[in-house]
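Reader: I am new to this structure. Please show me how to read it, one feature at a time.

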Amino acid sequence: MTDVKMGEVKDMTRIERIGAHSHIRGLGLDDSLEARAKSQGLVGQTQARKAAGVILEMIKASKIAGRAILLAGQPGTGKTAIAMGMAQALGSDTPFTMLAASELFSMEMSKTEALTQAFRRSIGVRIKEEAEIIEGEVVEIQIERPTDGSANKSGKITMKTTDMEAVYDLGQKMIEALGKEKITAGDVITIDKASGRITKLGRSFTRSHDYDAMGPMTRFVQCPEDELEKRKEVVHTVSLHEIDVINSRSHGFLALFAGDTGEIKPEVREQIDTKVSEWRSEGKADIVPGVLFIDEVHMLDIECFSFLNRALENELSPILILATNRGITTIRGTTYKSPHGIPLDLLDRLLIIPTKPYSKKEISQILSIRCEEEDVEMTDKARDLLTKIGMSTSLRYAIHMITIANLVALKRKATQVDVADIKRVYSLFDDVKRSAEYLRTYEQHYMFSEGADGDEDEDEDEDDSGRKRKKGRMKVEK
């Protein structure tokens, strides 16, 4: 493979939905990286957000790569929210890949291949190339249609800048492209001479008197200066994984949309890495270290942790952000216990950012933000009650109650959620504590219950050899 093929990857339109973290717009930091009490959808966790902000600035400056961060804290303390805030603050130019650890075990490929693809999705290549373009204002378009009824059309287009004017011949494909983009006289356009692609920049200010005819969404631009034909630097940012897929499949970049990319041969990746290194040495490309976020990292097994240890030492390695809510627990795939369920050798590589439980005031502010995001009107008394429920149960349970309480309020044709609606929902849906308490009380009525009364009942049973053995029931802590 001598030449690495590049494909243009366009953003697909996404359906906007209200999700668990759709209210987050960034990390909520000021210019000195101090965390605001309430900003960009984030509340509290000032130390954790400040630490994430420092990492964020180093990522933007491309001064950090191959490092790993661990967000560790209790459930519902905003670990994923901080990671989402970092993704929003980085913007679209820096690759950000989110992955749940359990996903690796459900893919139709090996765990190491899935991790390798996730790593390479998180590394961007900013490719620079010079393109010859024609940029100017359209003065006139003349299209000649043959009298014999054939479809072969020809024509001419007159374009100008502030310094010159020229006429260009048009072929069949260029005429179709002009019609597709709805180009008319007075539009400012660019034409790529190599590919023939036409881009409409806007409407010339000289035609601003036609504003009423154009509509309010029309964008007006200045007529270009200097020569019509010029060389312009074009920058494309793609991920290493996208280049891998394009060069490993016969049908090219269409495999990106098919979903089933399969396993990619190491030889393909080696050739691509060599080519990217050549581009870097020639000044044609830059590496953009992105971010790979793995949530619930304790679900990885010892093989995955060993792979991460080695992958972080690679030259082409992104920033690795891990999140877990476990304490001292067993490392999956072994019988050994370790902090957060992560081996000590990998844990030693991590910068650990702790998250702490929210205070009553912070929970109230988070609930207010979620009410605004979900377009729910709630009285102050109802919000106070919901805050109290969030303190006694969990923040997630309180957030789930918002939309349901709003539905209850709408059913009685009310415009605001009141205390009665919160109480109604609280009586309909159990939280974890009440559900566990119910199980302890009525466990003997469930199938396969083990020691509901807390006593150890010993029975005798015969094994295959005819010897009698005792079997005891598990004692359930009350």
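This is a predicted model: local features need pLDDT of at least 70, side-chain atom pairs count only at pLDDT 80 or more; totals for chains, interfaces and linings use all residues.

Reader: How many residues does helix α1 have, and what should they span?

Author: Helices (H or I, at least four residues) and strands (E, at least two) are DSSP runs, numbered from the N terminus. The expected span of a helix is 1.5 Å times one less than its number of residues. Helix α1 covers residues 46-60, so its 15 residues should span 21 Å. The end C-alpha atoms are 21 Å apart, which agrees.

Reader: Which residues of α1 are buried?

Author: An α-helix has 3.6 residues a turn, so residues three or four places apart point the same way. Buried means under 20% relative accessible area, exposed over 50%, and partly exposed in between (1.4 Å probe, protein chains only). In α1 the buried residues are Ala48, Arg49, Ala52, Gly53, Ile55, Leu56 and Ile59.

Reader: What does Leu33 touch?

Author: Contact means heavy atoms within 4.5 Å. Leaving aside residues up to four places away in sequence, Leu33 touches Lys50, Gly53, Val54 and Glu57. Leu33 itself sits in the segment before β1 (38-39).

Reader: How many aromatic pairs are there?

Author: A pair of aromatic rings is described by the distance of the centres and the angle of the planes. Rings of Phe, Tyr and Trp (its six-membered ring) pair if their centres lie within 6.5 Å; planes under 30 degrees apart count as stacked, over 60 as edge-to-face and the rest as tilted. The structure holds 3 such pairs. One of them joins Phe119 and Phe307, edge-to-face, at 6.2 Å centre to centre with 90° between the planes. Phe119 belongs to helix α3 (residues 111-121) and Phe307 to helix α9 (residues 302-311), so the pair ties together parts 188 residues apart in sequence. Phe119 is buried at 5% relative accessibility, and Phe307 is buried at 10%.

Reader: What sits over the ring of Tyr426?

Author: A charge sits over a ring if NZ of Lys or CZ of Arg is within 6 Å of the ring centre and within 35 degrees of the ring normal. Over Tyr426 sits the charged end of Arg434, 3.7 Å from the ring centre. Tyr426 is partly exposed, at 29% relative accessibility. Likewise, Arg332 lies over the face of Phe105, 4.2 Å from the ring centre.

Reader: In what order do the strands of the open sheet run?

Author: Strands of a sheet pair through backbone hydrogen bonds, either parallel or antiparallel. Two strands pair if DSSP finds at least two bridges between them. The open sheet has 5 strands in the order β4-β13-β14-β3-β17, with parallel pairing. At its edges stand β4 (96-100) and β17 (350-355), each with a single partner strand, so one side of each lacks a neighbour in the sheet. β4 pairs with β13 (residues 291-295) over 5 bridges, and Ala100 stands opposite Asp295.

Reader: Is strand β8 mostly covered or uncovered?

Author: β8 (residues 187-192) is mostly covered, with 6 of its 6 residues buried. Asp187, Ile189 and Ile191 point one way, while Val188, Thr190 and Asp192 point the other. β8 pairs in the antiparallel sense with β5 (residues 123-144) over 5 bridges. It also pairs in the antiparallel sense with β9 (residues 198-204), over 5 bridges.

Notes:
Residues are numbered from 1 along each chain as its sequence is written. Side-chain values use heavy atoms; hydrogens and water are left out.
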